Amino acid sequence: MSNDLSNLDAALARYPRVALLEGKTPIQRLSRLSALPELNGCNLYVKRDDLTGLGGGGNKLRKLEFLLGEALAEGADTLVTWGGLQSNHARLTAAVAARQGLACELILVPSAVRTDDDFRHSGNLILDGLFGANIHRLPDGANPDVYAAELQDRLRQQGRNPFFMPLGGSSPRGSLGYAACALEILRQAMDLGLEFGQIIVPNGSSGTHSGLLAGTTLTRTSTLVTGYTVLGTAEQALAATVDKTRQVLQLLAPSAELDEGSVRVDGSQRGDAYGAPTDAMLEATRLLASHEGLLVDPVYGGKAFAGLLASVRRGDFPAGSNLLFVMTGGLPGIFAYRSAYA
Ligand SMILES: *Cc1c(COP(=O)(O)O)cnc(C)c1O
(Lines give C-alpha, C1' and ligand atoms only; values in the text may rest on other atoms or scores of the structure.)
Protein backbone atom coordinates (compact mmCIF):
# COMPACT_ATOMS: atom_id res chain seq x y z
CA MET A 1 0.00 0.00 0.00
CA SER A 2 2.52 2.65 1.07
CA ASN A 3 4.65 1.44 -1.85
CA ASP A 4 1.77 2.09 -4.24
CA LEU A 5 1.33 5.55 -2.76
CA SER A 6 4.95 6.53 -3.23
CA ASN A 7 4.93 5.11 -6.77
CA LEU A 8 2.01 7.38 -7.60
CA ASP A 9 3.83 10.31 -5.96
CA ALA A 10 6.82 9.62 -8.18
CA ALA A 11 4.70 9.26 -11.34
CA LEU A 12 2.95 12.57 -10.66
CA ALA A 13 6.26 14.30 -9.99
CA ARG A 14 7.29 13.71 -13.62
CA TYR A 15 4.83 16.41 -14.74
CA PRO A 16 5.41 20.14 -14.23
CA ARG A 17 3.06 21.59 -11.64
CA VAL A 18 2.58 25.02 -10.10
CA ALA A 19 1.24 25.04 -6.53
CA LEU A 20 -2.08 26.89 -6.38
CA LEU A 21 -3.60 25.32 -3.27
CA GLU A 22 -2.65 26.32 0.26
CA GLY A 23 -1.99 22.72 1.28
CA LYS A 24 -4.37 19.86 1.97
CA THR A 25 -8.08 20.62 1.99
CA PRO A 26 -9.86 19.43 5.15
CA ILE A 27 -12.06 16.34 5.49
CA GLN A 28 -14.95 17.03 7.86
CA ARG A 29 -17.74 14.86 9.27
CA LEU A 30 -21.30 16.07 8.73
CA SER A 31 -22.41 15.36 12.30
CA ARG A 32 -25.90 16.84 12.33
CA LEU A 33 -26.83 15.37 8.96
CA SER A 34 -25.41 11.95 9.79
CA ALA A 35 -27.58 11.86 12.92
CA LEU A 36 -30.83 12.11 10.92
CA PRO A 37 -32.71 8.77 11.16
CA GLU A 38 -33.51 8.87 7.43
CA LEU A 39 -29.78 8.54 6.69
CA ASN A 40 -29.76 5.01 8.12
CA GLY A 41 -26.68 5.28 10.31
CA CYS A 42 -24.28 6.31 7.53
CA ASN A 43 -21.40 8.66 8.33
CA LEU A 44 -21.25 11.42 5.75
CA TYR A 45 -17.98 13.27 5.34
CA VAL A 46 -17.00 16.10 3.00
CA LYS A 47 -13.69 16.81 1.31
CA ARG A 48 -13.56 20.60 1.25
CA ASP A 49 -12.23 21.28 -2.23
CA ASP A 50 -14.37 24.41 -2.16
CA LEU A 51 -11.79 25.75 0.32
CA THR A 52 -8.98 26.20 -2.16
CA GLY A 53 -7.54 29.64 -1.74
CA LEU A 54 -7.41 31.38 -5.08
CA GLY A 55 -10.18 33.15 -7.00
CA GLY A 56 -13.09 31.95 -4.89
CA GLY A 57 -11.93 28.33 -4.87
CA GLY A 58 -13.13 25.09 -6.40
CA ASN A 59 -12.06 21.85 -8.04
CA LYS A 60 -10.62 23.45 -11.19
CA LEU A 61 -7.61 24.72 -9.24
CA ARG A 62 -6.26 21.18 -8.83
CA LYS A 63 -6.37 20.72 -12.60
CA LEU A 64 -4.92 24.17 -13.18
CA GLU A 65 -1.85 23.26 -11.10
CA PHE A 66 -0.86 20.81 -13.85
CA LEU A 67 -2.24 22.87 -16.75
CA LEU A 68 -0.30 25.95 -15.69
CA GLY A 69 2.81 23.81 -15.28
CA GLU A 70 2.36 22.62 -18.86
CA ALA A 71 1.62 26.14 -20.14
CA LEU A 72 4.71 27.66 -18.52
CA ALA A 73 6.89 24.82 -19.81
CA GLU A 74 5.71 25.76 -23.31
CA GLY A 75 6.47 29.45 -22.73
CA ALA A 76 2.82 30.50 -22.97
CA ASP A 77 1.85 34.10 -22.25
CA THR A 78 -1.94 33.72 -22.64
CA LEU A 79 -4.41 31.20 -21.22
CA VAL A 80 -7.38 30.38 -23.47
CA THR A 81 -10.37 28.28 -22.51
CA TRP A 82 -14.13 27.99 -22.96
CA GLY A 83 -17.24 27.08 -21.02
CA GLY A 84 -20.75 28.19 -20.19
CA LEU A 85 -21.48 31.76 -19.12
CA GLN A 86 -21.31 30.64 -15.48
CA SER A 87 -18.24 28.44 -15.91
CA ASN A 88 -16.28 28.01 -12.69
CA HIS A 89 -13.35 26.76 -14.73
CA ALA A 90 -13.32 30.00 -16.74
CA ARG A 91 -13.43 32.07 -13.54
CA LEU A 92 -10.56 30.16 -11.95
CA THR A 93 -8.51 30.26 -15.15
CA ALA A 94 -8.90 34.05 -15.06
CA ALA A 95 -7.78 34.17 -11.42
CA VAL A 96 -4.76 31.96 -12.10
CA ALA A 97 -3.77 34.07 -15.11
CA ALA A 98 -4.02 37.22 -12.98
CA ARG A 99 -1.81 35.77 -10.28
CA GLN A 100 0.72 34.48 -12.78
CA GLY A 101 0.81 37.69 -14.84
CA LEU A 102 -0.56 36.00 -17.98
CA ALA A 103 -3.27 37.26 -20.31
CA CYS A 104 -6.58 35.37 -20.30
CA GLU A 105 -9.12 34.87 -23.10
CA LEU A 106 -12.45 33.29 -22.08
CA ILE A 107 -14.88 31.99 -24.69
CA LEU A 108 -18.33 31.72 -23.12
CA VAL A 109 -21.37 30.04 -24.65
CA PRO A 110 -24.98 30.86 -23.69
CA SER A 111 -27.29 28.39 -21.96
CA ALA A 112 -30.43 27.10 -23.62
CA VAL A 113 -32.19 26.75 -20.27
CA ARG A 114 -31.15 29.89 -18.34
CA THR A 115 -31.58 33.25 -20.02
CA ASP A 116 -32.46 35.64 -17.19
CA ASP A 117 -30.36 38.65 -16.22
CA ASP A 118 -28.85 37.07 -13.14
CA PHE A 119 -27.56 34.17 -15.19
CA ARG A 120 -26.27 36.34 -18.01
CA HIS A 121 -24.52 38.96 -15.85
CA SER A 122 -24.10 37.95 -12.19
CA GLY A 123 -22.18 35.22 -10.38
CA ASN A 124 -19.00 34.06 -12.07
CA LEU A 125 -19.26 36.72 -14.79
CA ILE A 126 -18.70 39.52 -12.29
CA LEU A 127 -15.56 37.77 -11.09
CA ASP A 128 -14.22 37.05 -14.61
CA GLY A 129 -14.30 40.80 -15.19
CA LEU A 130 -12.60 41.63 -11.90
CA PHE A 131 -9.75 39.24 -12.72
CA GLY A 132 -9.21 41.17 -15.95
CA ALA A 133 -10.04 38.40 -18.43
CA ASN A 134 -10.94 39.25 -22.00
CA ILE A 135 -14.40 37.78 -22.57
CA HIS A 136 -15.78 36.50 -25.88
CA ARG A 137 -19.51 35.88 -25.67
CA LEU A 138 -20.53 33.52 -28.44
CA PRO A 139 -23.98 33.63 -30.04
CA ASP A 140 -26.37 30.65 -29.74
CA GLY A 141 -25.15 27.67 -31.72
CA ALA A 142 -21.59 28.88 -32.39
CA ASN A 143 -18.92 26.18 -32.06
CA PRO A 144 -16.50 27.15 -29.26
CA ASP A 145 -13.72 24.82 -30.41
CA VAL A 146 -13.76 26.36 -33.90
CA TYR A 147 -13.82 29.85 -32.41
CA ALA A 148 -10.94 28.96 -30.08
CA ALA A 149 -8.80 27.71 -32.97
CA GLU A 150 -9.40 30.96 -34.90
CA LEU A 151 -8.72 33.06 -31.83
CA GLN A 152 -5.41 31.28 -31.22
CA ASP A 153 -4.38 31.91 -34.83
CA ARG A 154 -5.12 35.62 -34.41
CA LEU A 155 -3.15 35.74 -31.16
CA ARG A 156 -0.15 34.03 -32.77
CA GLN A 157 -0.24 36.53 -35.63
CA GLN A 158 0.06 39.23 -32.96
CA GLY A 159 3.17 37.51 -31.62
CA ARG A 160 1.50 35.96 -28.60
CA ASN A 161 1.84 32.37 -27.43
CA PRO A 162 -1.56 31.02 -26.34
CA PHE A 163 -2.11 27.87 -24.28
CA PHE A 164 -5.52 26.25 -24.84
CA MET A 165 -7.41 24.26 -22.25
CA PRO A 166 -10.48 22.16 -23.15
CA LEU A 167 -13.86 22.32 -21.41
CA GLY A 168 -13.46 22.11 -17.65
CA GLY A 169 -9.68 21.86 -17.95
CA SER A 170 -10.22 18.12 -18.28
CA SER A 171 -7.31 17.21 -20.51
CA PRO A 172 -5.43 14.12 -19.27
CA ARG A 173 -2.76 16.43 -17.81
CA GLY A 174 -5.33 18.57 -16.03
CA SER A 175 -7.04 15.47 -14.64
CA LEU A 176 -3.77 14.49 -12.93
CA GLY A 177 -4.79 17.04 -10.30
CA TYR A 178 -7.45 14.63 -9.11
CA ALA A 179 -5.16 11.61 -9.14
CA ALA A 180 -3.08 13.70 -6.73
CA CYS A 181 -6.24 14.43 -4.75
CA ALA A 182 -6.95 10.68 -4.45
CA LEU A 183 -3.54 10.28 -2.83
CA GLU A 184 -4.27 13.17 -0.49
CA ILE A 185 -7.58 11.57 0.52
CA LEU A 186 -6.00 8.15 1.16
CA ARG A 187 -3.34 9.64 3.39
CA GLN A 188 -5.89 11.72 5.30
CA ALA A 189 -8.09 8.65 5.75
CA MET A 190 -5.14 6.75 7.22
CA ASP A 191 -4.40 9.64 9.59
CA LEU A 192 -8.05 9.74 10.64
CA GLY A 193 -8.12 5.96 11.06
CA LEU A 194 -11.03 5.76 8.61
CA GLU A 195 -11.83 3.72 5.56
CA PHE A 196 -14.17 5.32 3.06
CA GLY A 197 -16.50 2.92 1.28
CA GLN A 198 -17.13 5.44 -1.45
CA ILE A 199 -16.04 8.80 -2.77
CA ILE A 200 -18.92 10.68 -4.41
CA VAL A 201 -18.40 13.45 -6.98
CA PRO A 202 -20.30 15.43 -9.58
CA ASN A 203 -19.30 14.48 -13.15
CA GLY A 204 -19.36 17.26 -15.76
CA SER A 205 -16.40 17.10 -18.12
CA SER A 206 -15.32 13.92 -16.25
CA GLY A 207 -11.81 15.02 -15.27
CA THR A 208 -12.48 15.05 -11.54
CA HIS A 209 -14.04 11.58 -11.55
CA SER A 210 -11.38 10.17 -13.91
CA GLY A 211 -8.47 11.54 -11.94
CA LEU A 212 -9.82 10.17 -8.65
CA LEU A 213 -10.50 6.77 -10.23
CA ALA A 214 -7.03 6.63 -11.75
CA GLY A 215 -5.63 7.39 -8.30
CA THR A 216 -7.67 4.73 -6.48
CA THR A 217 -6.90 2.21 -9.24
CA LEU A 218 -3.15 2.72 -9.08
CA THR A 219 -3.07 2.59 -5.29
CA ARG A 220 -5.25 -0.56 -5.33
CA THR A 221 -7.59 0.80 -2.68
CA SER A 222 -11.02 -0.71 -2.16
CA THR A 223 -12.72 2.71 -2.02
CA LEU A 224 -15.23 3.05 -4.88
CA VAL A 225 -15.71 6.29 -6.81
CA THR A 226 -19.23 7.23 -7.93
CA GLY A 227 -19.89 10.15 -10.26
CA TYR A 228 -23.29 11.76 -10.75
CA THR A 229 -23.45 13.09 -14.27
CA VAL A 230 -24.82 16.62 -14.65
CA LEU A 231 -23.86 17.23 -18.29
CA GLY A 232 -24.01 14.16 -20.56
CA THR A 233 -26.46 11.30 -20.37
CA ALA A 234 -25.36 8.35 -18.23
CA GLU A 235 -24.11 6.53 -21.37
CA GLN A 236 -22.15 9.54 -22.63
CA ALA A 237 -20.63 10.28 -19.24
CA LEU A 238 -19.70 6.63 -18.71
CA ALA A 239 -17.94 6.44 -22.08
CA ALA A 240 -16.15 9.75 -21.46
CA THR A 241 -15.05 8.68 -17.99
CA VAL A 242 -13.73 5.29 -19.16
CA ASP A 243 -11.83 7.02 -21.93
CA LYS A 244 -10.41 9.77 -19.76
CA THR A 245 -9.44 7.45 -16.93
CA ARG A 246 -7.48 5.33 -19.43
CA GLN A 247 -5.71 8.45 -20.68
CA VAL A 248 -4.79 9.49 -17.15
CA LEU A 249 -3.52 5.98 -16.38
CA GLN A 250 -1.49 6.11 -19.59
CA LEU A 251 0.31 9.19 -18.25
CA LEU A 252 0.99 7.63 -14.87
CA ALA A 253 1.54 3.92 -15.46
CA PRO A 254 1.19 2.80 -19.09
CA SER A 255 0.91 -0.87 -18.11
CA ALA A 256 -2.00 -0.29 -15.71
CA GLU A 257 -5.34 -1.81 -16.65
CA LEU A 258 -8.72 -0.26 -16.01
CA ASP A 259 -11.50 -2.58 -14.94
CA GLU A 260 -14.48 -1.01 -16.73
CA GLY A 261 -16.75 -2.35 -14.02
CA SER A 262 -15.10 0.06 -11.58
CA VAL A 263 -16.34 3.08 -13.55
CA ARG A 264 -19.54 4.02 -11.76
CA VAL A 265 -21.63 6.76 -13.35
CA ASP A 266 -25.15 7.53 -12.14
CA GLY A 267 -27.52 9.44 -14.43
CA SER A 268 -30.46 9.82 -12.04
CA GLN A 269 -29.81 13.44 -10.98
CA ARG A 270 -29.10 15.23 -14.23
CA GLY A 271 -32.69 16.36 -14.78
CA ASP A 272 -33.82 17.85 -18.09
CA ALA A 273 -30.49 19.37 -19.09
CA TYR A 274 -27.12 20.63 -17.96
CA GLY A 275 -27.78 23.57 -15.65
CA ALA A 276 -31.52 22.94 -15.31
CA PRO A 277 -32.47 23.06 -11.61
CA THR A 278 -34.19 19.99 -10.13
CA ASP A 279 -36.36 19.68 -7.03
CA ALA A 280 -33.93 17.14 -5.57
CA MET A 281 -31.03 19.59 -6.06
CA LEU A 282 -32.94 22.33 -4.24
CA GLU A 283 -33.91 20.00 -1.38
CA ALA A 284 -30.35 18.67 -0.98
CA THR A 285 -28.90 22.19 -1.05
CA ARG A 286 -31.30 23.38 1.64
CA LEU A 287 -30.72 20.32 3.83
CA LEU A 288 -26.93 20.74 3.75
CA ALA A 289 -27.10 24.50 4.27
CA SER A 290 -29.63 24.37 7.11
CA HIS A 291 -27.99 21.49 9.01
CA GLU A 292 -24.30 22.12 8.42
CA GLY A 293 -23.91 25.72 7.21
CA LEU A 294 -22.26 24.44 4.02
CA LEU A 295 -23.02 25.43 0.44
CA VAL A 296 -23.15 23.43 -2.78
CA ASP A 297 -23.75 25.00 -6.18
CA PRO A 298 -26.88 24.44 -8.31
CA VAL A 299 -25.21 22.90 -11.38
CA TYR A 300 -22.83 20.30 -9.91
CA GLY A 301 -22.60 19.86 -6.17
CA GLY A 302 -26.33 20.24 -5.48
CA LYS A 303 -27.24 17.49 -7.94
CA ALA A 304 -24.50 15.10 -6.81
CA PHE A 305 -25.35 15.63 -3.14
CA ALA A 306 -29.00 14.92 -3.98
CA GLY A 307 -27.84 11.63 -5.50
CA LEU A 308 -25.88 10.72 -2.40
CA LEU A 309 -28.87 11.50 -0.16
CA ALA A 310 -31.20 9.44 -2.34
CA SER A 311 -28.94 6.39 -2.22
CA VAL A 312 -28.38 6.66 1.53
CA ARG A 313 -32.11 7.10 2.20
CA ARG A 314 -32.86 4.10 -0.02
CA GLY A 315 -30.62 1.99 2.20
CA ASP A 316 -27.90 1.31 -0.39
CA PHE A 317 -25.24 1.35 2.37
CA PRO A 318 -25.10 -0.57 5.65
CA ALA A 319 -25.18 1.42 8.90
CA GLY A 320 -21.71 2.64 9.84
CA SER A 321 -20.59 3.16 6.22
CA ASN A 322 -18.20 6.06 5.77
CA LEU A 323 -19.00 8.05 2.64
CA LEU A 324 -16.94 10.97 1.37
CA PHE A 325 -18.61 13.66 -0.73
CA VAL A 326 -16.19 15.91 -2.60
CA MET A 327 -17.32 19.54 -2.33
CA THR A 328 -16.14 21.04 -5.60
CA GLY A 329 -16.99 24.72 -5.08
CA GLY A 330 -19.02 26.84 -7.48
CA LEU A 331 -20.50 29.17 -4.87
CA PRO A 332 -20.88 32.11 -7.34
CA GLY A 333 -23.39 30.02 -9.29
CA ILE A 334 -25.89 30.39 -6.45
CA PHE A 335 -26.17 34.11 -7.23
CA ALA A 336 -26.61 33.47 -10.93
CA TYR A 337 -29.50 31.10 -10.10
CA ARG A 338 -31.30 33.52 -7.76
CA SER A 339 -34.70 32.87 -9.35
CA ALA A 340 -34.35 29.09 -8.87
CA TYR A 341 -34.17 29.47 -5.08
CA ALA A 342 -37.01 32.02 -4.85
C1 LIG B 1 -16.41 21.72 -13.18
C2 LIG B 1 -17.11 21.44 -11.91
C3 LIG B 1 -17.41 20.12 -11.52
C4 LIG B 1 -17.20 18.93 -12.39
O5 LIG B 1 -15.87 18.60 -12.62
P6 LIG B 1 -15.48 17.85 -13.98
O7 LIG B 1 -14.06 17.56 -13.80
O8 LIG B 1 -15.77 18.83 -15.08
O9 LIG B 1 -16.32 16.65 -14.12
C10 LIG B 1 -18.00 19.92 -10.29
N11 LIG B 1 -18.29 20.95 -9.48
C12 LIG B 1 -18.05 22.23 -9.82
C13 LIG B 1 -18.42 23.31 -8.88
C14 LIG B 1 -17.43 22.52 -11.04
O15 LIG B 1 -17.19 23.79 -11.36
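In this predicted model, the crossing of helix H3 (60–73) and helix H4 (88–100) is right-handed. The contact draws on Lys60, Leu61, Leu64, Leu68 and Leu72 from H3, and on Asn88, His89, Leu92, Thr93, Val96 and Gln100 from H4. Sorted by class, the residues of this contact are six nonpolar, four polar and one charged. The axes of H3 and H4 lie 10 Å apart and meet at an angle of about 50°, which makes H3 oblique to H4.

| Helix pair | Angle between axes | Distance between axes |
|---|---|---|
| H3 and H4 | about 50° | 10 Å |
| H8 and H9 | about 50° | 7 Å |
| H9 and H10 | about 50° | 8 Å |

Helix H8 covers residues 172–192 and helix H9 residues 207–218. Given an angle of about 50°, H8 and H9 are therefore oblique to each other. Their crossing is right-handed. On the H8 side the contact is formed by Ser175, Tyr178, Ala179, Cys181, Ala182 and Ile185, and on the H9 side by Gly207, Thr208, Gly211, Leu212, Gly215 and Thr216. The class count for the contact of H8 with H9 is six nonpolar, six polar and no charged residues.

H9 also packs on helix H10, residues 234–252, at an angle of about 50°. That angle makes H9 oblique to H10, and the crossing of H9 and H10 is right-handed. H9 contributes Gly207, His209, Ser210, Leu213, Ala214 and Leu218 to this contact, while H10 contributes Thr241, Lys244, Thr245, Val248, Leu249 and Leu252. Here the classes are six nonpolar, five polar and one charged.

How many residues line the largest pocket, and which lie nearest its centre? The lining of the largest pocket has 49 residues, and those nearest the centre are Gly83, Gly84, Leu167, Tyr274 and Tyr300. The volume of the largest pocket is about 770 Å³. Elements giving two or more residues to its lining are helix H3, strand E3 (78–84), helix H4, strand E7 (198–203) and helix H9. Which element gives the most to this lining? H4 does, with four residues. By class, the lining of the largest pocket divides into 19 nonpolar, 25 polar and five charged residues.

H3 and H4, whose axes lie 10 Å apart, are both among the elements that give two or more residues to the lining of the largest pocket. H9, which packs against H8 and against H10, is also one of those elements.

Definitions and conventions: Residues numbered from 1 in each chain as written. Predicted model: local features only at pLDDT ≥ 70, side-chain atom pairs only at ≥ 80, totals over all residues. Heavy atoms only, no water. Axes fitted to C-alpha atoms, helices over the stretch in contact; angles between N-to-C directions. Parallel < 35°, antiparallel > 145°, perpendicular 65-115°, else oblique. Left-handed = near helix turned anticlockwise from the far one by under 90°. Contact = heavy atoms within 4.5 Å. Nonpolar A, V, L, I, M, F, W, Y, C, P; charged D, E, K, R; others polar. 1 Å grid on protein atoms, 1.4 Å probe; cavity = no way out; pocket = protein on both sides within 12 Å on 5 of 7 lines; lining within 4 Å. Points joined across faces, edges and corners; volume = space filled by probe spheres on them.
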